[in-house]
Amino acid sequence: MNTFKIVIIIVAALFCPALLFSQTNYFVSPHGNDTSPGTATKPFATISRAMGKARSQSGKINVYLMRGAYRLDKPVVFTSADSRQNGSTLTLTSYKKQKVIISGGAVLQLKWVPYQNGIWKASVEQNVQFDELFVNGQLQHMARYPNYNPSAHYLGGTADDVLSPERIARWKSPGGGYVHALHPSQWRDVHYRITGKNNKGGLVLEGGWQNNRRMGMSEKYRFVENIFEELDTANEWYFDKQAKTLYYFPPAGLNLRTAKFEVPQLVSLFEFRGTEGKSVKNITISGLVFTQTVRTFMQNKEPLLRSDWTIYRGGAIIYDGAVNCRLVNCTLVNVGGNAVFFSKYNRNCAVSGCQISNAGASAVCFIGDPGAVRSPSFEYNKFVPIAKMDRTPGPKTNNYPKDCSVYDNLMFNLGLVEKQSAGVELSMCQNITVSHNTIYDVPRAGINVSEGTWGGHIIEYNDVFNTVKETGDHGSFNSWGRDRYWHPDKRRLDSIVAAYPDLALLDVTRPIILRNNRFRCDHGWDIDLDDGSSNYIIYNNLCLNGGIKLREGVNRVVENNIIINNTFHPHVWFKNSNDIFRHNIVCAGYLPIGISVWGKEVDYNVFPDSASLSEARARGTDIHSIYMPQVFENPVKGDFRFKPGAAAFSVGFKNIAMDSFGVVSPKLKALAKKVNFPLGVVPGQAADSEIVDFMGAKVKKLTTLGERSATGMDDIRGILVTSILPGQATFFFQANDVIISLNGKPTNSLKDLQKARMSIIGTSAEIVIFRNQQTYTKRVELDDLK
């Protein structure tokens with residue numbers, strides 16, 4: 001009987017393959033009709049109609065979207081009813097690679113008339129919300145003060161007098177406006193909605209909840225928007241809700257009659273809504289463009305345990321209860337909040353081959369359910385007492401993302417609205433692989449791990465640069481480890497780890513691996529393992545500028561990394577940290593803070609000079625380490641390999657491949673920006689007489705009596721400014737200045753200067769110079785210290 005069944009199956013497979021491998025195709029076109037049969041010649045008009053038909057079919061389903069824009073009035077929702085059995089898929093894709101746009105924006109029908117001072121106005125008859133405005137596909141700016149400046153360091157331009165009584169008095173009805181500001185410590189941004197004025201003429205605000213360490217707003221870095229009286233320059237707009245009138249200051253040459261005006265209406269475009277018991281399975285989205293969703297900064301309220309983050313649990317595409325779902329070769333652009341969001345239970349899902357840019361918040365987030373966390377706390381200063389702590393390792397439910405991947409994606413121009421954002425954000429998830437992505441031009445970290453729950457991530461072959469551009473005290477890769485063991489009082493934390501060393505690994509149950517990445521951060525650290533980060537294996541990374549920082553934690557192994565123009569920053573380690581730092585290349589002596597016990601092993605490293613090695617040995621480390629001239633194969637082209645026979649190999653260092661970072665698909669490679677390779681001072685290699693570039697000037701160590709006499713110095717010390725670089729209108733230096741100190745550290749050699757530069761933790765520092773027999777002090781931004 002069994003043989004007979006097998007024969008029947010084979011015959012069916014040979015002569016009637018459709019019986020076993022059925023495939024159904026549906027077609028959709030913006031010019032179609034939902035009463036049509038959904039064929040290539042008579043397509044449906046809507047995606048939802050095609051999905052409805054697909055639910056009644058078994059086997060593999062292809063939904064082909066034909067060229068054009070699909071403007072949604074509500075999200076497309078996938079449920080367990082849309083799932084395919086294992087071995088078959090439901091695929092939504094563009095037909096023959098035609099350009100297909102999924103848009104949450106509505107096109108406005110407007111008749112413009114002149115208003116005044118270059119401003120035009122139009123009545124809006126449609127029932128639409130106004131959050132962002134696009135004109136011919138380009139984002140415009142709400143009327144704001146100060147006016148938007150693309151070259152500004154922070155927030156597109158800030159001003160000290162944004163909330164001055166004089167400024168506020170100019171605003172007749174500011175209700176509905178927004179105040180945007182950096183956190184006082186520049187750890188992210190905060191946002192407030194203006195609800196009106198009080199009886200003293202001041203503003204009434206609501207908000208400020210967008211940071212998990214609430215300290216109000218910066219008094220310096222802030223701006224206001226959506227204020228009618230601030231409509232005063234090209235590309236600004238204001239919508240009067242009461243009068244239903246749109247005011248707009250068009251740029252020169254814009255034809256208002258033919259221009260297309262669009263306003264986003266939806267928070268999300270595609271939603272996968274399932275549960276662990278009824279998951280959405282085996283659905284692939286491919287080759288589509290997603291655009292124009294509304295901003296979510298005022299909905300960003302949920303704290304991510306004790307990290308600095310709060311988050312809005314949503315995005316242009318949201319997966320919640322998905323299994324074996326894929327987002328492939330898509331473009332997400334001009335979305336107001338997060339682009340792709342994996343919330344709670346998700347398994348074996350992937351984002352690959354995508355371009356994600358111009359996003360209001362993060363590119364890809366994996367965020368689990370805090371209900372899966374044992375003994376959770378939700379603010380920096382909170383702590384569950386050990387006597388009440390659940391000491392069972394790992395999660396208590398399955399309601400979190402696991403075994404997912406982010407591979408071969410190009411992500412840039414992120415965090416346009418929300419500055420606590422990242423290319424990839426991981427929180428309360430496990431076994432996420434982040435591989436071969438290129439991430440740049442972001443306000444904070446390129447890749448962020450908010451806490452240890454629950455480890456197992458592999459972060460490899462990524463190219464991450466131009467990071468921490470609008471914040472401070474952070475890195476291209478950043479992590480926190482404020483897991484259940486961690487306490488905000490450092491003395492109590494030390495005593496906890498000394499008495500209960502196993503507590504630190506209750507949440508990060510599996511190692512987190514960083515390998516074969518290239519990082520460059522000019523405003524912080526290349527790799528920043530902050531508060532409590534534990535159970536990391538970090539190897540074969542090329543760090544181009546910011547160095548590697550390890551704050552307190554346990555079981556970190558850092559080996560075979562190349563740290564260019566910087567060094568190793570160990571901070572306030574536990575006495576029983578069990579940390580290892582070996583076989584690494586550093587370009588300066590270590591910069592420890594509060595280290596009494598140097599972990600399990602710090603040795604077999606390569607220093608640039610005998611002085612820095614001797615300094616390390618005096619602390620009891622690096623007995624077998626060496627120093628050598630750090631002459632690389634071709635650093636101008638980014639090749640930081642040593643030549644055969646280099647002494648570095650004698651202590652166990654191995655060359656790292658220099659051609660495997662970032663995206664791999666030819667299309668994305670051609671689009672990706674290239675990282676700049678550092679050409680700055682390498683401490684220990686610069687002779688006293690050598691002249692190097694610093695902050696738009698040529699500088700050298702002051703060494704001669706003649707230089708002392710010419711500058712008027714009382715002694716032979718400091719760094720002499722010999723000239724200003726051509727085309728560099730330096731804001732501060734003049735020829736013959738002497739740099740006395742930087743960041744509170746004396747600068748009596750080029751090595752001192754570089755070490756002082758590397759010691760800066762925030763986004764600015766004080767520099768002291770001597771000029772014309774007087775001392776001057778100025779606070780400079782980290783951007784200028786290049």
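Predicted model: local features only at pLDDT ≥ 70, side-chain atom pairs only at ≥ 80, totals over all residues.
Reader: Why is glutamate 460 called buried?

Author: The relative accessible area of glutamate 460 is 13%. Buried means under 20%, so glutamate 460 is buried.

Reader: What makes the pair of glutamate 460 and arginine 515 a polar contact?

Author: The two side chains come to 2.8 Å. The cut-off is a pair of N or O atoms within 3.5 Å, one able to donate a hydrogen and the other to accept it, so the pair counts as a polar contact.

Reader: Which residues does glutamate 460 touch, leaving out those up to four places away in sequence?

Author: Glutamate 460, which is found in strand β43 (residues 458–460), touches Thr433, Val434, Ser435, His436, Arg515, Asn516 and Asn517.

Reader: How do you know that β28 and β32 pair?

Author: Strand β28 (residues 322–323) and strand β32 (residues 346–347) share 2 bridges in the parallel sense. Pairing needs at least two bridges, so the two strands pair. Valine 323 stands opposite arginine 347 in β32.

Reader: Which sheet holds these strands?

Author: An open sheet of 4 strands, with parallel pairing, in the order β22-β28-β32-β36.

Reader: What makes β22 and β36 edge strands?

Author: β22 (280–281) and β36 (401–402) each pair on one side only.

Reader: Which residues touch the most other members of the largest nonpolar core?

Author: Ile102, Phe270, Ile285, Phe290 and Leu327, out of 91 residues. Among the contacts of isoleucine 285 are Phe270, Phe290 and Leu327. A second, separate core of 27 residues includes Phe412, Phe465, Ile626 and Phe653.

Terms used
Residues numbered from 1 in each chain as written. Heavy atoms only, no water. Buried < 20%, exposed > 50% of the residue type's maximum accessible area, 1.4 Å probe, protein only. Contact = heavy atoms within 4.5 Å. Core = buried A, V, L, I, M, F, W, Y, C linked by side-chain atoms within 4.5 Å.
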